[in-house]
Amino acid sequence: MAKKGDWVRIHSVVLKAEERTAKLPEDTKKCDLEMWTKGFLQEDAEIGDEVTVKTAVGRLEKGTLIEVGPYYTHSYGKFVPEIIEIDKQLREIMFGGDK
Amino acid sequence: MALAKDYDSVMGRSNDIMKEALGLDYNEFESGSVAFDYEALMKATGYTLDEVAKIQSRTGVGNTPLLELRNITALARKYAKPGYGARIFAKDEAANASGSFKARRAACAVAHAKKLGYKGVIAATSGNYGAAVASQAAMQGLDCIIVQECYDSHGVGQPEIVEKARKCEAFGAEVIQLTVGPELFYTFLSVLEDTGYFNASLYSPFGIAGIETLGYEIAMQCREKLGKDPDMVVCTNAGGGMMTGTARGLLKAGCTNTQMVAASIDLTGLHMASDTQFNKKSCTTGHTGFGVPYATDPDHSDVPRSAARPLRYMDRYVTVKQGDVMYMTEALANLEGIERGPAGNTALAAAFSLAQELPEDAVIVISETEYTGAGKHIQPQLSFARDNGIDIRFGDPNKEDKPGVNIILPKDPGYIKHEEADINHFRQSLIKKSVKKAGVEVPTQEDLEFLAAETKTDVEFVKKTLGL
């Protein structure tokens, strides 16, 4: 249950696949044009409800409630062994060659 | 009565919405034929180079350091013939308020919006420009909305673009995120119409005028430090603004003999509007997917006439591979002790190879660095690529690279070799597209001269291209 005033993320479909008339590759033609934004919830609601939010600039936007207290999870990624190979190679070429 | 907000209605009002949102009537610059008055458009900003520099200095923008990359220069010389290997310098644009040169574009546009009395600014961008506009809006007390193309149809976001959204929000902006497709423009227009905000377009004359200070500073810093003008300036090329503004600034400083080189990552074969290919790219800008279409047809952006017209200024257009840029990004950290990029390092990878063509006393400047962070760094980009089934290995990038299939890291720095793109082909393409778009049967003398200026060629070249 999300309370009025909670900071939430909403999702909506701007154009359904069949409404898309722009010049698009075949794969994209099959997809809806979707949109996400965030804001303060304007009424108590459950995840999946159609709600209205007031965004950071004060705009009212409607959509499906998908997340309460949204946060970022992007990171520095997993270990990539090639990167330390590059480091080792560069140091050898620059500082290890004339020993 | 409320206006209809469906796709066709909003797109049909595009010209009126734009006029309101830019405070500029582009019709004033049109000739009615192919030509339009580009210099008049640039003058319409009403700001001199000096005034732009003053606006920027009030908001933490400009006067960034020019760093000599001594170890990278020494590395390049190991692969050059004796006496060759130009000195490589980097303009450390990451030092601007928002972490990239885009702060220069935003400073001018946002200050102008404020002067005209707009309550807020909007920009359509998945790149560093969003953070730049948001940062300037925060400083100047305006509301800000950024519209991003960020996700594929499975809701998977490109890590680099997700990071840019985070940064915009950190500056207090609203970020509207969309799935892949050019109809982003419809959402953008619709929000622009509802809010009455200023269109802080990347391609407005305010944006481009903001970059001129970058070229000017490069000239002055080279003269102060080295007693000479740069022999070559390499610009990472996507929408063409960097090349246009930097070259204009260098010319305003009197650098008429500096060779201007555009550099893009070769992403030939990947479709920019493809849902499935969206997350198969491991760089979200600085690539040919933007660079070539914007160079050959500048007027397909979010303004009626783009102020970014790179073919007016570039002497050469070179490409490098994704793996080259990843490798050089790591070299910059490991040999120079600065973490920057990755996308902005496209010019660095090209410069590493181009330096080997020039004598040791020549000076190459790469026009930018950009900030790095979670998602926007070679490790998450390579890790994301591997998760998406991209084959990452060492090899010869120029022989084995297949965008969307693999990333070939050069097996040693000697394998970082730029490739020369056919700039005359791009020039011919621009000329033909311009004439076709204008629907003109016989171009006027003014048109021919305009097209020669558009392509840094002459009337003879234009005539030959058009079979006249």
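**Exercise 1. Find which residues of α4(B) and α10(B) meet, then describe how the two helices pack.**

Solution. Keep in mind that the model is predicted.

Next comes the geometry. Helix α4 (residues 49-57) of chain B packs against helix α10 (residues 205-226) of chain B at an angle of about 95 degrees, and the axes are 9 Å apart. Angles of 65 to 115 degrees count as roughly perpendicular, so α4(B) is roughly perpendicular to α10(B).

**Exercise 2. Work out how domain 1 and domain 3 of chain B relate.**

Solution. Take the bounds from the domain assignment: domain 1 covers 7-54 + 100-205, and domain 3 covers 423-465. The centres of these two domains, over C-alpha atoms, are 29 Å apart. Now list the contacts: four residues of domain 1 touch 10 residues of domain 3. The domain 1 side consists of two nonpolar and two polar residues, with no charged ones.

**Exercise 3. Describe the side of chain B that touches chain A.**

Solution. Begin with the totals: 50 residues of chain B are in contact with 35 residues of chain A. Then ask which element of chain B gives the most; that is α15(B), with six residues. By class, the chain B side has 24 nonpolar, 17 polar and nine charged residues.

Finally, check the strands. β2 (residues 33-41) of chain A runs antiparallel to β5(B), joined by two bridges. In this area, A:Met35 stands opposite B:Leu178.

Notes: Residues numbered from 1 in each chain as written. Chains lettered and ligands numbered in written order. Predicted model: local features only at pLDDT ≥ 70, side-chain atom pairs only at ≥ 80, totals over all residues. Axes fitted to C-alpha atoms, helices over the stretch in contact; angles between N-to-C directions. Helix = DSSP H or I, 4+ residues; strand = E, 2+ residues; numbered from the N terminus. Parallel < 35°, antiparallel > 145°, perpendicular 65-115°, else oblique. Contact = placed C-beta atoms within 7 Å. Domains from an automatic or database assignment. Nonpolar A, V, L, I, M, F, W, Y, C, P; charged D, E, K, R; others polar. Pairing = 2+ DSSP bridges.
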